[in-house]
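Me: I am new to this one and would like to go through it slowly. Could you help me find my way around?

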Amino acid sequence: MREVYLDNASTTRVGDKPARAAADAMTVCWGNPSSRHSMGVAAESIIKQARAAISAELGAKDGDVYFTSGGTEANNMAILGAARARRKNGLRVITSAVEHASVNDAFTQLEREGFDVVRVKTSPTGVVDLCDVANAIDDQTILCSFMLVNNETGAINPISDISALLHQRRPNAVMHCDAVQGFGKLPVKVSSLGCELITVSGHKIHAPMGVGALYCSRRTTLQPLMFGGSQQRELRTSAPDSYRPGTEPVPLIAAFGEAVRGLPAPAQRLVSIRTLNALLRERLASPSLNEEVNAHMTFNSDEACAPTIFSFATGCIKSETMLNYLSAQGIYVSSGSACSKGKKSRVLEALGLADSIADSTLRISFSAENTEEDVELFCEALRNGLKTLVRFK
């Protein structure tokens, strides 16, 4: 049985070169990067090279990129650290109702601490309305945080416009962007996004799970979340504490750097994926499929969304039931964010989708490793699943 993996928004297969880079850092150059002997200096060099690659991809200075354990830590570090450091300047912080759990829950924590959290609504696909953001910004606003690409629908937010609006109204406020689903795919540049804080992650671009990074501009200070050694403190010697203490995971960082160095040229990154997205839309919209199984597919992702993510609903079979059927056929997709672990999607609910749509939604997410055959095999398995499962409703 040929397996088809279409859950790349959850995680991607670790690439061969990143895997070798990690293995070498574990077995050849395995010193502690804080040690001053030659093995430690060699490990430190690996970190510096990886940081340089990620900084170049972001168009950032090397000293503004901090390694973390992943997107969740980077988002918490940015949101909690920035808000707490600015509490004396105001209490209003702004986000949307459809952010990743690591952003949403960080803002919930700020609510517990007395901050005035505003969650603006979005379009049915998850795009933030600039007018709603403008109405939310007041003279107490200190932080805004919005994702670049929605991890369940692929909606792309106008981050640069939001940043410009925020800084025009509140010059000292901080803009954070969770760019985890866009980094390495869409253009993610400090200069164009206009953000002081940007979160990226390794395992969405064929690096291992457990490593991410936070871009933090020089003019932005954070209140640290953790305390310990002075690792990474040399990046910001003016900071009162190390923003991110702890011995760096050199193998993971080495793989992350290798994954970034191995990215295709920007103009080539989405060429094949756009083709796959269009093919999937065509197959799912075909009258023959819908009439044969007496279904009516609803697309939760419009054509303005990032082509890497496509969300749709069958309207007749619950997501979990269909996921189990497809998995048994070697077809791997999801119903939404992997962080929800099968629970009802908070994001789809916030989008205002009818229960019949939200409860039957599937998310397809592509990487450059996917092929047209993958799409055809998925659609055939979906057709068979609908024909089989509808009989048992």
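**A strand, a buried residue and a helix pair**

Me: Before we start, what kind of model is this?
Reply: This is a predicted model, so everything below should be read as a description of that prediction.

Me: Okay, Asn104 then. What does Asn104 touch, leaving out residues up to four places away in sequence?
Reply: With those sequence neighbours left out, Asn104 touches Glu99, Arg119 and Arg346.

Me: And which of its contacts is a polar one between side chains?
Reply: The side chain of Asn104 makes a polar contact with the side chain of Arg119, at 3.2 Å. Along the chain these two residues are 15 residues apart, and their C-alpha atoms are separated by 9.2 Å.

Me: Is Asn104 buried or exposed?
Reply: Asn104 counts as buried, because its relative accessibility is 11% and the cut-off for buried is under 20%.

Me: Where does Asn104 sit in the fold?
Reply: Asn104 is found in helix α4, which covers residues 101-112. Helix α4 is itself part of a right-handed β-α-β unit, together with β3 and β4.

Me: How do β3 and β4 pair?
Reply: They pair in the parallel sense over 5 bridges, with strand β4 covering residues 116-120, and within this pairing Val93 stands opposite Val117 in β4.

Me: Which strands are joined to β5?
Reply: Strand β3 (residues 92-96) is joined to β5 by 3 bridges and runs parallel to it, with Arg92 standing opposite Thr141 in β5. Strand β6 (residues 174-178) also runs parallel to β5 and is joined to it by 5 bridges, and there Phe146 has Cys177 in β6 as its bridge partner.

Me: How does the chain get from β5 to β6?
Reply: The chain crosses through helix α6, residues 159-169, and this β-α-β crossover is right-handed.

Me: Last topic, the helices α2 and α8. At what angle do their axes cross?
Reply: The axes of helix α2 (residues 38-58) and helix α8 (residues 250-261) cross at roughly 35° and come within 8 Å, and the crossing of α2 past α8 is left-handed.

Me: Which residues meet there?
Reply: The α2 side includes Ala43, Ile46, Ile47 and Ala50, while the residues they meet in α8 include Val250, Ile253, Phe256 and Val260.

Terms used: Residues are numbered from 1 along each chain as its sequence is written. This is a predicted model: local features need pLDDT of at least 70, side-chain atom pairs count only at pLDDT 80 or more; totals for chains, interfaces and linings use all residues. Side-chain values use heavy atoms; hydrogens and water are left out. Helices (H or I, at least four residues) and strands (E, at least two) are DSSP runs, numbered from the N terminus. Buried means under 20% relative accessible area, exposed over 50%, partly exposed in between (1.4 Å probe, protein chains only). Contact means heavy atoms within 4.5 Å. A polar contact is a pair of N or O atoms within 3.5 Å; within protein, one must be able to donate a hydrogen and the other to accept it, and residues adjacent in sequence count only if both atoms are side-chain atoms. Two strands pair if DSSP finds at least two bridges between them. A crossover is right-handed if, with the strands pointing away from the viewer, the path from the first strand over the helix to the second runs clockwise. Axes are lines fitted to C-alpha atoms, for helices over the stretch in contact, and angles run from 0 to 180 degrees between N-to-C directions. A crossing is left-handed if the near helix is turned anticlockwise from the far one by less than a right angle, and right-handed if clockwise.
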